[in-house]
Amino acid sequence: MTQATAMIIGASSQLSQTLAKQFSEQNVELVLFVQNPESIKPLTDSLTTPVTVYPLAIEQPKQLIEQIETAWQTHNGAHLVIINTGLNGYDPALPWQLDEDIIDVNVKGFAAVANSVFKLLCEQGYGQLAAINSIAGLRGGPNVAYHASKAFAQSYLEGLSMHAQRLKLPVTISDIQLGLLDKAAMQGNKFWLPPIDKVASQIIKGLQKGKRKFYVTKRWRLVAWLTVGLPEFIYNTRHWKPKKKR
Ligand SMILES: NC(=O)c1ccc[n+]([C@@H]2O[C@H](COP(=O)([O-])OP(=O)(O)OC[C@H]3O[C@@H](n4cnc5c(N)ncnc54)[C@H](OP(=O)(O)O)[C@@H]3O)[C@@H](O)[C@H]2O)c1
């Protein structure tokens with residue numbers, strides 16, 4: 001492979017599209033997986049490097065693994081694979097359906113991709129597997145299954161990294177701990193809501209440095225540190241609310 005190739009699994013989100021644009025500007029060939037390939041036509045038309053789009057069946061792990069393996073052979077492997085699929089949702093009634101959907105995408109689908117890509121990278125003998133994860137995985141939270149699924153992803157990636165070291169292969173596993181951008185956006189908080197270009201370029205820089213785990217944007221590292229260290233009676237902000245008078 002003379003030109004670097006990056007695969008993005010879950011390429012429809014704004015962040016994935018910005019990453020694709022920045023990779024293309026750096027002359028990287030792109031292989032994109034997306035639920036509805038037509039939905040990213042404006043993006044693919046605008047890219048200057050070769051780009052191929054495949055459908056993404058994240059809820060059907062067996063089919064998904066076959067799709068990835070086929071694309072891998074067609075493109076003669078890849079230098080970098082980024083997993084950026086994710087489902088989030090909150091309902092105080094805690095319906096099982098919501099949890100099941102989140103587990104299907106964020107746990108089952110995520111593990112199927114990470115497992116198959118890791119083995120393909122090992123066969124290839126080098127490369128990088130990265131996942132856009134969340135600091136939500138550091139503690140439990142009201143979006144119960146989402147927080148738990150991000151803890152799963154963090155642990156899974158650490159385990160794969162251990163396997164790469166055991167095999168003494170130059171296969172890098174990167175856990176990108178993204179801040180809670182949606183929450184910052186909802187609160188209209190510009191301090192915590194960096195421009196998407198900045199988020200993408202920090203991700204690419206961290207990946208190029210081969211970082212095992214890093215926070216984007218960097219200031220979320222402090223929040224992560226505090227989140228882990230706080231005792232539950234402070235972390236759980238519901239304890240802060242004054243009790244209703246009878
Ligand atoms: N946004 C935030 O504030 C934030 C903060 C921290 C971490 N993160 C993490 O960043 C990652 C991406 O989040 P995002 O906010 O960019 O989310 P997003 O815009 O909702 O994108 C999620 C991606 O997952 C795909 N996806 C979801 N369900 C799918 C399904 N059933 N089948 C196939 N594809 C499916 C989506 O495809 P479609 O568009 O085709 O549905 C999309 O490509 C997630 O892992 C998330 O946990 C996000």
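Because the model is predicted, local features need pLDDT of at least 70 and side-chain atom pairs count only at pLDDT 80 or more, while totals for chains, interfaces and linings use all residues.

**Exercise 1. Check the span of helix H7 and list its buried residues.**

Step 1: Helices (H or I, at least four residues) and strands (E, at least two) are DSSP runs, numbered from the N terminus. Helix H7 covers residues 196-208, which is 13 residues.

Step 2: The expected span of a helix is 1.5 Å times one less than its number of residues. For H7 that rule gives 18 Å, and the end C-alpha atoms are 18 Å apart, so the two agree.

Step 3: The buried residues of H7 are Val199, Ala200, Gln202, Ile203, Ile204, Gly206 and Leu207.

Step 4: An α-helix has 3.6 residues a turn, so residues three or four places apart point the same way.

**Exercise 2. Which residues have the most contacts inside the largest nonpolar core?**

Step 1: A nonpolar core is a set of buried Ala, Val, Leu, Ile, Met, Phe, Trp, Tyr and Cys residues joined through side-chain atoms within 4.5 Å.

Step 2: The largest such core has 33 residues, and Leu19 and Ile203 have the most contacts inside it. H7 supplies the largest share of this core, five residues.

Step 3: Now look around Ile203, taking contact as heavy atoms within 4.5 Å. Leaving aside residues up to four places away in sequence, Ile203 touches Leu15, Leu19, Ile132, Ile176, Leu178, Phe214 and Val216.

Step 4: There is also a second, separate core of 31 residues, which includes Ile58, Ile68, Trp72 and Ile83.

**Exercise 3. Describe the largest cavity and its lining.**

Step 1: On a 1 Å grid over the protein atoms alone, a cavity is a set of points where a 1.4 Å probe fits but cannot get out, and lining residues have an atom within 4 Å of a point. Grid points are joined across faces, edges and corners, and a volume is the space filled by probe spheres set on the points.

Step 2: The structure holds two cavities of 30 Å³ or more. The largest has a volume of about 50 Å³.

Step 3: Its lining is made of Ile83, Thr85, Asn106, Phe110, Ala131, Ile132, Asn133, Lys150 and Ala153. Helix H4 (96-124), strand E5 (127-134) and helix H5 (144-166) each give two or more residues, and E5 gives the most, with three.

**Exercise 4. Where does Gly210 lie, and what does Gly210 touch?**

Step 1: Gly210 is in the loop between H7 and strand E7 (213-216). Just after H7, Gly210 takes a positive phi of about 70°.

Step 2: With 34% relative accessibility, Gly210 counts as partly exposed.

Step 3: Gly210 touches Gln128 and Thr172, not counting residues up to four places away in sequence. Gly210 and Thr172 are 38 residues apart in sequence, yet 6.6 Å apart in space, C-alpha to C-alpha.

**Exercise 5. Which residues does the cis peptide bond join?**

Step 1: The bond joins Val216 and Thr217, with omega about -10°.

Step 2: Thr217 sits in the loop between E7 and helix H8 (220-229).

How values were computed
Residues are numbered from 1 along each chain as its sequence is written. Side-chain values use heavy atoms; hydrogens and water are left out. Buried means under 20% relative accessible area, exposed over 50%, partly exposed in between (1.4 Å probe, protein chains only). On a 1 Å grid over the protein atoms alone, a cavity is a set of points where a 1.4 Å probe fits but cannot get out, and a pocket is an open set with protein on both sides within 12 Å along at least five of seven lines; lining residues have an atom within 4 Å of a point.
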